[in-house]
Amino acid sequence: MVNSTSGGVSAPAEDQAGPRPDKANAKVIRGAILGTVVEYYDFGIYGYMATLISTHFFVAEDPTAALLGTFAAFAVAFFLRVPGGIFFGHIGDKYGRKKALTWTILLMAAATALMGLLPTYATLGVWATALLTLARCLQGFAAGGELGGANSFVSEHAPRRWRAFQTSMVNSGTYLGSLFASLMALGVTSLFTAEQVTAWAWRLPFLLSVVIGLIGLWIRSSLSETEQFEELKDDDEVAEVPLFELVRTAWQQIVRIVLLGAVITGGYYIASVYSATYLQTAGGRSPQFAFTATCVAMVVGVITLPVAGYLGDRFGRRPVLIGGSVAATVLGVPMFMLMADGPAALALFAPAVLLICISVVNGVSFAAYAEMLRARFRYSGIALGNNITNMLLGGTAPFIATLLVSMSGNHLAPSWFFVACALISLGAAITVTETKGKELAR
């Protein structure tokens, strides 16, 4: 590798003819993706098993109240993502990205396995609910450090010319993890009888996290630290308290990251996690149909992400961000109409259409975030901005959607939330300064 000009990052393999990563970068991307898959499988399986969890850990006399309680615990974890992002961001910016990413995956796997071992409400009463919420909070704390670290890690390794494409592949790990979780939910509900699922089989997807967590940890531990962080350390330029410097000098960038992420987080959890519940409650579909629809959506999203990243590297971050936000705004309500009342074939693919819109924005967003921030607080900055959005609009999305339907009596009410998130991202995208081809600042 050849060092770039002062203040920038080493620019590895800038003369590559195409977006395909070289061997060293491929290893970095593979490790980041697999770690993110593990994190988001663990984090997402709770949402996909929500209807079952509600019967085991909350008072079941009122199914709506039990489901609201389940989604409330889902939302609580997102409030822990902010302190988790601050904690792991501090470790990543001061002691190294790799060290922080190793601990996030350990904590996430342990918390998810705990969920699979907990006694239920029938056995332990309200303490079972409390322990489930605690485990969910640990998940949120760990997840808070994942995306900021993984995207900082890959963006600092990536060639400048293909940074959006390579970071988009990291974000595909979030979708692949959710896809894996959805497939597990589909598999459990398909392979076992309803009685078996209710009695014990619902625990299997949670216990599987032990195995995949160990695999992810082994792969991630073999990666090397980024050259830019090593340069900061060698030059004694590592920030003493990265968060303080971030808030003091880059608060405007944090606000922009928060707003840009509205449709990526709020829209994503509506289109992926909540849509499985919506198809069953508003559309009267079977659990197998709902989980199949979310699996299709995840596959389409995974395909869309690198395409959007490629377009972002070819034409710029700004036009792709605006285009995806506009599409989400226009298509939000029609897709929910199809999920609720449309023919089965169209209802099956409606969540996929929504996720295409989200993936277009997501495919270039984290490259743009990395280019907004200096290396001294890049991990902390991406983690803080992304997690604030997740706290406000992501974790609360299924709860708000369920509450909107309950209060309004209108089964299309969740689409209002989706469109609002898209409009917030659109407004922020219009204000973005183009950073395509920009050197990463130290």
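pLDDT is the predictor's confidence in each residue, on a scale from 0 to 100. In this chain it averages 87, and 94% of the residues score at least 70. The structure is a predicted model, in which local features need pLDDT of at least 70 and side-chain atom pairs count only at pLDDT 80 or more, while totals for chains, interfaces and linings use all residues. Residues are numbered from 1 along each chain as its sequence is written, and side-chain values use heavy atoms, with hydrogens and water left out.

One stretch calls for care: over residues 1–16 pLDDT stays under 50. For that stretch the model has 38 contacts (heavy atoms within 4.5 Å) beyond four places in sequence.

**Helix packing**

Helices here are DSSP runs (H or I, at least four residues), numbered from the N terminus. Axes are lines fitted to C-alpha atoms over the stretch in contact, and angles run from 0 to 180 degrees between N-to-C directions.

| Helix pair | Angle | Axis separation |
|---|---|---|
| helix 8 and helix 16 (residues 287–315) | about 175° | 8 Å |
| helix 3 (residues 63–95) and helix 19 | about 175° | 8 Å |
| helix 13 (residues 242–249) and helix 14 (residues 251–260) | about 90° | 5 Å |

With an angle of about 175°, helix 3 is therefore roughly antiparallel to helix 19 (angles over 145 degrees count as such, and 65 to 115 as roughly perpendicular). Among the residues that meet are Phe-74, Phe-78 and Arg-81 in helix 3, and Arg-378, Tyr-379 and Asn-386 in helix 19. By class, this contact has 11 nonpolar, nine polar and three charged residues. (Ala, Val, Leu, Ile, Met, Phe, Trp, Tyr, Cys and Pro count as nonpolar, Asp, Glu, Lys and Arg as charged, and the others, Gly among them, as polar.)

Helix 13 and helix 14 are roughly perpendicular to each other. Leu-246, Val-247, Arg-248 and Thr-249 of helix 13 make the contact with Trp-251, Gln-253 and Ile-254 of helix 14.

The whole structure holds three cavities of 30 Å³ or more. A cavity is a set of points on a 1 Å grid over the protein atoms alone where a 1.4 Å probe fits but cannot get out; lining residues have an atom within 4 Å of a point. The largest cavity has about 140 Å³ of space. Its lining has 14 residues, and Tyr-40, Leu-147, Thr-174, Ile-264 and Tyr-268 are the closest to its centre. Helix 15 gives the largest share of this lining, four residues.

Methods. 1 Å grid on protein atoms, 1.4 Å probe; cavity = no way out; pocket = protein on both sides within 12 Å on 5 of 7 lines; lining within 4 Å. Points joined across faces, edges and corners; volume = space filled by probe spheres on them. Helix = DSSP H or I, 4+ residues; strand = E, 2+ residues; numbered from the N terminus. Parallel < 35°, antiparallel > 145°, perpendicular 65-115°, else oblique.
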